[in-house]
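Please keep the structure open while you read.

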Amino acid sequence: QVQLGESGGGLVQAGGSLRLSCAASGRTFNMYAMGWFRQAPGKEREFVAGINRNGGTTYADSVKGRFTISRDNAWNTVYLQMNSLQTEDTAVYLCAAAPRFIQPPQYDYWGQGTQVTVSS
């Protein structure tokens, strides 16, 4: 079983930056695909960014060029660097893990989320 814990959310002005962290408990973390999702009030949860076990990344069109996902396998941690934040980025950001070696990744484990609020 995998447990995930997000941190790094907060309040930032438009144009600013935040770095989110997600710590995972799995001892085979290096084999997991990891992802970041977000959910704004009144909206469905949406995919933000993903990273596979080899470091390959995928981004939603809305964040391409602004957000960067990365991982540190030695510390079982995945990051989301968010630059040029916009008010539209305001949401609860959730970390997810896909521990099974299948494609496309099936995210079986989820963190509780961390709030990101971008003010104008």
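1. Basis. This is a predicted model, in which local features need pLDDT of at least 70, side-chain atom pairs count only at pLDDT 80 or more, and totals for chains, interfaces and linings use all residues. Residues are numbered from 1 along each chain as its sequence is written, and side-chain values use heavy atoms, with hydrogens and water left out.

2. Main core. The largest nonpolar core has 30 residues. Such a core is a set of buried Ala, Val, Leu, Ile, Met, Phe, Trp, Tyr and Cys residues joined through side-chain atoms within 4.5 Å. Buried means under 20% relative accessible area, exposed means over 50%, and partly exposed lies in between (1.4 Å probe, protein chains only). Met34, Trp36, Leu80, Met82 and Tyr93 touch the most other members. Two or more residues each come from β3 (18–24), β4 (33–39), β5 (46–51), β7, β8, β9 (91–98) and β11 (114–119). Strands here are DSSP runs (E, at least two residues), numbered from the N terminus; helices would be H or I runs of at least four residues.

3. Second core. A separate core of five residues includes Phe37, Ala96, Ala98 and Tyr107.

4. Trp36 is in strand β4. Trp36 counts as buried because its relative accessibility is 0%. Met82 is in contact (heavy atoms within 4.5 Å) with Gly16, Ser17, Leu18, Leu20, Arg66, Phe67, Tyr93 and Val116, leaving aside neighbours within four places in sequence.

5. Strand β9. How many of the eight residues of β9 are buried? Seven are, and the strand is mostly covered. Two strands pair if DSSP finds at least two bridges between them. β9 runs antiparallel to β4, with seven bridges. β9 is also antiparallel to β11, over three bridges, and to β10 (residues 109–110), over two. Tyr93 of β9 is the bridge partner of Arg38, and Tyr93 also stands opposite Thr114 in β11.

6. Aromatics. The whole structure holds five aromatic pairs. Rings of Phe, Tyr and Trp (its six-membered ring) pair if their centres lie within 6.5 Å; planes under 30 degrees apart count as stacked, over 60 as edge-to-face and the rest as tilted. One cluster is formed by Phe37, Phe47, Tyr107 and Trp110.

7. Charges over rings. The test is NZ of Lys or CZ of Arg within 6 Å of the ring centre and within 35 degrees of the ring normal. The charged end of Arg45 sits over the ring of Trp110, 4.6 Å from its centre. Arg19 lies over the face of Tyr79, at 3.9 Å from the ring centre.

8. Ser21. Ser21 lies in strand β3. Ser21 is buried because its relative accessible area is 19%. Beyond four places in sequence, Ser21 touches Gly5, Glu6, Ser7, Trp36, Thr77, Val78 and Tyr79.

9. Gln81. Gln81 is found in strand β8. Its relative accessibility is 26%, so Gln81 counts as partly exposed. Its C-alpha atom is 5.5 Å from that of Phe67, 14 residues away along the chain. Contacts of Gln81 beyond four places in sequence are Ser17, Leu18, Arg19, Arg66, Phe67 and Thr68. A polar contact of 3.0 Å joins the side chains of Gln81 and Asn83. Such a contact is a pair of N or O atoms within 3.5 Å; within protein, one must be able to donate a hydrogen and the other to accept it, and residues adjacent in sequence count only if both atoms are side-chain atoms.

10. Backbone points to check. Most residues other than glycine have a negative phi, and most peptide bonds are trans. Asn76, in the loop between β7 (67–72) and β8 (77–82), has a positive phi of about 50°. Asn76 is buried, with a relative accessible area of 16%. Ser84 also has a positive phi, near 50°, and is in the loop between β8 and β9. Ser84 is partly exposed, at 42% relative accessible area. A cis peptide bond joins Gln103 and Pro104, with omega about -5°. Pro104 is in the loop between β9 and β10.
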